[in-house]
Amino acid sequence: IPVVGLTANSQGVGPDRGAQQDRAVVAGAGWLREEFAWSTIQPREGAFAWRHYDRVLTAAARRGLRVLPVLTDVPGWAGPAQFAIPEDPSAYAAYVARVTARYGPNGSFWRAHPRLDSSLAPTYFEIWNEPYYTFFSDGQVDPARYARLFAAAATAGRAANPAAKFILAAEANVQPTAGPFAGVSVDWMQAMTAAVPNLPSLVDAVSAHPYSGSAPPDVPLDGAPDGKFLRVGTIRRAALAAGIDKPIWITEIGWSTCASNPSYCVSERDQSRNLGTMFSLVRTKLPYVEAVLVYHLDDLHPTNPSDKEPSFGLTRQGGAPKPAWNQFRAATAGG
């Protein structure tokens with residue numbers, strides 16, 4: 001697998017940032033998926049603040065880590081809510097252009113820091129996170145709106161930095177809540193290309209988040225791909241049918257070990273086993289998958305034992321490794 005990495009939330013300040021990235025290196029990760037928040041970079045219209053992400057990339061480069069930026073998080077001046085996908089994508093596209101011009105290959109950040117290894121500059125940029133879910137679309141799940149956003153962002157970003165590449169978010173069948181497809185189950189890929197016919201020419205990779213709840217990754221689809229890891233193949237077939245013959249990047253995947261949610265969470269032993277099975281499947285049966293970024297480096301702070309979100313870590317709170325930690329290290333070593 002050419003790209004193996006982690007979502008690590010390594011954007012803490014001072015030693016916290018370094019400690020998180022150091023542990024990612026020890027785990028064997030070559031890549032970190034990090035949110036580059038539009039609201040942080042452009043807190044006011046016309047005003048750009050780069051210091052935070054300059055520090056994140058400096059710290060990563062010093063450790064030999066590559067970063068996959070996820071470009072999301074709407075500032076208050078540009079939209080009504082944090083994850084409201086803009087109907088007019090022009091301001092977002094301008095932000096993407098500024099990010100790629102600064103941080104992409106041969107970008108101004110790297111020219112200003114000649115002692116850093118510029119070969120580690122981000123090449124791929126992920127356009128939004130999970131626009132097919134209501135949480136990350138402010139309730140406005142609309143493949144046409146997201147397709148227009150992607151097209152504007154990729155066009156502007158590539159004009160600002162011709163070496164930049166752009167990752168399109170994908171799922172299998174989705175029921176939009178807004179736009180021309182509202183209320184009807186649609187093929188997400190077909191709905192996007194119906195809205196923006198030239199979309200295939202703008203895509204460099206397709207991202208998938210094939211979480212499977214508490215189910216192992218090798219559970220067959222049996223005609224029902226929802227909630228199963230192997231729907232990554234369904235997404236691939238839909239992309240090909242839409243004219244998008246590009247690699248799949250699994251930019252999030254994992255199993256939560258929360259204490260009391262058996263419909264979604266698993267034991268630490270099963271988390272490890274599932275991770276190993278997933279890597280084996282990717283290597284042996286999914287040749288079109290070019291990247292796997294596991295969610296998450298470590299557990300967060302749970303407030304509810306049935307909440308799955310804080311417990312996807314390869315380590316427990318405090319840094320003690322779960323069995324999945326060694327499973328990930330084996331995978332990154334080719335084991």
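The model is predicted, and local features need pLDDT of at least 70, side-chain atom pairs count only at pLDDT 80 or more, and totals for chains, interfaces and linings use all residues. Residues are numbered from 1 along each chain as its sequence is written, and side-chain values use heavy atoms, with hydrogens and water left out.

Helices (H or I, at least four residues) and strands (E, at least two) are DSSP runs, numbered from the N terminus; two strands are taken to pair if DSSP finds at least two bridges between them.

Strand 10 (residues 289–295) runs parallel to strand 9 (residues 248–250), and three bridges join the two. In this pairing, I248 has V289 as its bridge partner, and I250 stands opposite V292. Strand 10 also pairs with strand 1 in the parallel sense, over five bridges; here V4 stands opposite V292. Because six of its seven residues are buried, strand 10 is largely enclosed by the rest of the structure. Buried means under 20% relative accessible area, exposed over 50%, and partly exposed in between (1.4 Å probe, protein chains only).

Strand 9, helix 9 and strand 10 form a right-handed β-α-β unit: with the strands pointing away from the viewer, the path from the first strand over the helix to the second runs clockwise.

Leaving aside neighbours within four places in sequence, Q190 is in contact (heavy atoms within 4.5 Å) with A241 and A242. A polar atom of the Q190 side chain lies 3.5 Å from the backbone oxygen of A241. A polar contact is a pair of N or O atoms within 3.5 Å; within protein, one must be able to donate a hydrogen and the other to accept it, and residues adjacent in sequence count only if both atoms are side-chain atoms. Q190 and K165 are 25 residues apart in sequence and 22 Å apart in space, C-alpha to C-alpha.
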